[in-house]
Amino acid sequence: MADITTLPVMTTADAESIGCARFNDVPTLPIDIPDESFTLSARTTDGRRITFFFGEYQRGAAPSFVDIQYHDHGATIPNANGGRSPIFDMLTIGLGGRQAFDSRKLSDDDKSSIAVILLGEPRAAAPSIRKD
C-alpha cells in the first residue's frame, strides 16, 4: 500500500502555511494523496458517507482526476458495469455565486451518480477571469 501522510486537524491558516489550499475558515485536515489511484472515504457523525477517488491517467503518476460519490441518498441507477450506483443532488457555483447547475430540478434518471473533477496541469499563477 502507498504511504499517505495525514497531519493533525489544524486551522485553515496553518494548513495554508504548509501549502494546502484555503477553503472556508474552519478546522482543516490536510492530507497528502500519493501517486497512483487512491480512495479517500469520509463519514459524518450521523452516518452519511462520501468517497473521493483520486485516479491517474498514467500508471504510477500523480492523480489527474477525482471521482466523487455520495452513498446515502437512498436512490440508485443502473451503472456501466451491470450493477447499481447511488445518485445524489449536486450544485455547481460559478461567477458571483451563480448556480450554474442544480440537479434537484432533474428526474432521478438524470441525476449524477459520480461527479468528476479534472485536475488540470498545475500553473505558476492562475489567470484571472474578468468580464470587462
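Start by selecting serine 85, which sits in strand 7 (residues 84–86); strands here are DSSP runs of E with at least two residues, numbered from the N terminus. Before you zoom in: this is a predicted model, where local features need pLDDT of at least 70, side-chain atom pairs count only at pLDDT 80 or more, and totals for chains, interfaces and linings use all residues. Residues are numbered from 1 along each chain as its sequence is written, and side-chain values use heavy atoms, leaving out hydrogens and water.

Is serine 85 buried or exposed? Serine 85 counts as buried because its relative accessibility is 9%, and buried means under 20% relative accessible area with a 1.4 Å probe, protein chains only.

Now show the surroundings. Leaving out residues up to four places away in sequence, serine 85 touches Gln69, Ala75, Thr76, Ile77, Asn79 and Ser113, with contact meaning heavy atoms within 4.5 Å.

Next, jump to strand 3 (residues 38–43) and strand 4 (residues 49–55), an antiparallel pair with 6 bridges; strands pair if DSSP finds at least two bridges between them. Pick threonine 39 and look across to phenylalanine 53 in strand 4. Then follow the hairpin through the 5 residues between these strands to glycine 47, with its positive phi near 95 degrees.

Last stop: strand 8 (residues 91–93) and strand 9 (residues 99–102), antiparallel and joined by 3 bridges. Select threonine 92 and find its bridge partner, phenylalanine 101, in strand 9. In this hairpin, again with 5 residues between the strands, glycine 96 has a positive phi near 65 degrees.

Terms used. Helices (H or I, at least four residues) and strands (E, at least two) are DSSP runs, numbered from the N terminus. Buried means under 20% relative accessible area, exposed over 50%, partly exposed in between (1.4 Å probe, protein chains only).
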